[in-house]
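Please look through the sequence and the model below before reading on. The paragraphs that follow go from the overall fold to individual residues.

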Amino acid sequence: MAQILVVDDDASVRGFTARALTLDGHTVDEADDGDLALEQIAERAGAYDLVLSDIRMPAMDGIAMARNAVKDFPDLRILLMTGYAEQRERAADVNKIVIDVVSKPFTLADIRGAVNEALAA
């Protein structure tokens, strides 16, 4: 299965998502902000099969994290998620480095499906 990094400042969303993906057999690491995610990506030398990140976070948002991560690891697969329509529109300019944007709130089936599609891409 895949090695996935889940990044979200909301502990309940992060935990729900991590548990769901773990139940699917994936190995999941977690970070609560984009700057911490970048550190984890660098520590693993970009060895994640997928980074699943919220867009809106306090220190570094998911879009900035994605832009920075692909500078050093251009093959890194990134899937963003957001509950804000304007954030989804903001993500349109990074569509070359981001696989898709998942709308929140999502169901267990929604996030599992999005992750499976991203991993297959």
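How many helices and strands does the protein chain have? In this predicted model, the protein chain has 5 helices and 5 strands, and from the N terminus on these elements run β-α-β-α-β-α-β-α-β-α. Of the 121 residues in the protein chain, 48% are buried. Among the contacts with a separation of 6 or more, 66% are accounted for by residues 24 or more positions apart.

Strands of a sheet pair through backbone hydrogen bonds, either parallel or antiparallel. In this model, β1 and β2 pair in the parallel sense over 5 bridges, with Leu 5 standing opposite Asp 29 in β2, while 4 bridges join the parallel strands β3 (residues 50-54) and β4, where Leu 52 has Leu 79 of β4 as its bridge partner.

Strand β1 is mostly covered, since 5 of its 5 residues are buried. This cover extends to both faces of β1: Gln 3, Leu 5 and Val 7 are buried on one side, and Ile 4 and Val 6 are buried on the other.

The nonpolar interior can be considered next. In soluble globular proteins, nonpolar side chains tend to be buried together. The largest nonpolar core here has 21 residues, and those with the most contacts inside it are Leu 5, Ile 41, Val 51, Met 65 and Ile 78. At least two residues of this core come from each of β1 (3-7), α2 (34-43), α3 (62-72) and β4 (78-82), and the largest share, 5 residues, is that of α3. Met 65 shows how such a residue is surrounded: leaving aside its neighbours within four places in sequence, Met 65 is in contact with Gly 34, Ala 37, Leu 38, Ile 41, Val 51, Ser 53 and Met 60.

A search of the whole structure finds 1 aromatic pair, in which the rings of Phe 16 and Phe 106 have their centres 6.4 Å apart and their planes at 35°, so the pair is tilted. Because Phe 16 lies in helix α1 (residues 11-23) and Phe 106 in the loop between β5 (100-103) and α5 (108-120), the pair ties together parts that are 90 residues apart in sequence. Phe 16 is partly exposed, with a relative accessible area of 31%, whereas Phe 106 counts as buried at 12% relative accessibility. Elsewhere, Arg 44 lies over the face of Tyr 48, at 4.8 Å from the ring centre.

Which residues is Asp 9 in contact with, leaving aside its neighbours within four places in sequence? Asp 9, placed in the loop between β1 and α1, is in contact with Arg 14, Asp 32, Asp 54, Arg 56, Met 57 and Pro 58. Asp 9 and Arg 56 are 47 residues apart in sequence, and 8.4 Å separates them in space, C-alpha to C-alpha. With a relative accessible area of 37%, Asp 9 is partly exposed.

Two features of the backbone remain. Most residues other than glycine have a negative phi, and most peptide bonds are trans. Ala 45, found in the loop between α2 and β3, has a phi near 55°, a positive value in a residue other than glycine, and at 55% relative accessibility Ala 45 counts as exposed. A cis peptide bond joins Lys 104 and Pro 105, with omega about -5°, and Pro 105 has its place in the loop between β5 and α5.

Technical notes
Residues are numbered from 1 along each chain as its sequence is written. This is a predicted model: local features need pLDDT of at least 70, side-chain atom pairs count only at pLDDT 80 or more; totals for chains, interfaces and linings use all residues. Side-chain values use heavy atoms; hydrogens and water are left out. Rings of Phe, Tyr and Trp (its six-membered ring) pair if their centres lie within 6.5 Å; planes under 30 degrees apart count as stacked, over 60 as edge-to-face and the rest as tilted. Buried means under 20% relative accessible area, exposed over 50%, partly exposed in between (1.4 Å probe, protein chains only). A charge sits over a ring if NZ of Lys or CZ of Arg is within 6 Å of the ring centre and within 35 degrees of the ring normal. A nonpolar core is a set of buried Ala, Val, Leu, Ile, Met, Phe, Trp, Tyr and Cys residues joined through side-chain atoms within 4.5 Å. Contact means heavy atoms within 4.5 Å. Two strands pair if DSSP finds at least two bridges between them.
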